[in-house]
Amino acid sequence: MKPILFIVAPGFEEIELTAPIDILRRLEIPVVTAGLQGRTAEGAHGVPVTAEMLMVDVDPEQYGGIVLPGGPASWTLRDTPGVLALVRAFHEAGKLVGAICAAPIALEAAGVLEGRRVTCYPAVKGDLKSAAEVLDTPAATDGNIVTGRGPGAALEFGFALADYLGCAEKTPSLRSDMCVC
């Protein structure tokens, strides 16, 4: 399986980055982190993270999908042409495109939400004008688009990513092992 790429931008919501990565790695799904503005980024709550590579060095052919953590970083992701180009490249190739919290605004800006059922942070719901429906659920999967609602849904988002990536038979056991009801 090709690794899943997580973009790390300054102001990312820490739990929305770490919880899905933790779930995927527990299921032996390879993950790579790429820094948007450098290898080190500080999260919305002051937690620094060092990415494994820089986003400018990403070759979409080497990855099975892209995931955008939310938080205040969402607007930076939305306003960065390179991020939008990567989202489009993964989407056009039929690969996983994931975003949680406010980060679906970057998917909207990239033009990949048209007619999709998605979820997002309630405050940005009105920004997803091309979506067919914005759901009030912890996670939503529609085709190759997987979205999560916010920090409290980070685990559910991680499990939805894992299910999309073919681990649906393993996630009930992992939920039990992690004491997720």
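E6 and E7 pair in the parallel sense over four bridges; two strands count as paired if DSSP finds at least two bridges between them. Helices (H or I, at least four residues) and strands (E, at least two) are DSSP runs, numbered from the N terminus. In this pairing glycine 65 is opposite leucine 96 of E7. The model is predicted: local features need pLDDT of at least 70, side-chain atom pairs count only at pLDDT 80 or more, and totals for chains, interfaces and linings use all residues. Residues are numbered from 1 along each chain as its sequence is written, and side-chain values use heavy atoms, with hydrogens and water left out.

Strand E7 (residues 96-100) also pairs with strand E11 (residues 145-148), again in the parallel sense and over four bridges. Here valine 97 has isoleucine 145 of E11 as its bridge partner, and isoleucine 100 stands opposite glycine 148. These strands belong to an open sheet of seven, with mixed pairing and the order E5-E2-E1-E6-E7-E11-E10. At its edges are strand E5 (53-54) and strand E10 (139-142), each of which pairs on one side only.

How many residues of E7 are buried? Five of its five residues are, where buried means under 20% relative accessible area, exposed over 50% and partly exposed in between (1.4 Å probe, protein chains only). Leu96, Gly98 and Ile100 are buried on one side of E7, and Val97 and Ala99 on the other.

Helix H1 (residues 14-26) lies across strand E1 (4-8), strand E2 (31-35) and E7, and runs at about 165° to E1. Axes are lines fitted to C-alpha atoms, for helices over the stretch in contact, and angles run from 0 to 180 degrees between N-to-C directions. Helix H3 (residues 81-92) also packs on the sheet; it touches E1, strand E6 (65-68), E7 and E11, and its direction makes about 140° with that of E6. Contact means heavy atoms within 4.5 Å.

H1 also meets helix H5 (residues 154-167): their axes come within 8 Å and cross at roughly 40°. H1 is therefore oblique to H5, since angles under 35 degrees count as roughly parallel, over 145 as roughly antiparallel, 65 to 115 as roughly perpendicular and the rest as oblique.

Threonine 171 lies in helix H6 (residues 171-177). Leaving out residues up to four places away in sequence, threonine 171 touches Leu27, Phe159, Ala162 and Asp163. Why is threonine 171 classed as buried? Its relative accessible area is 4%.
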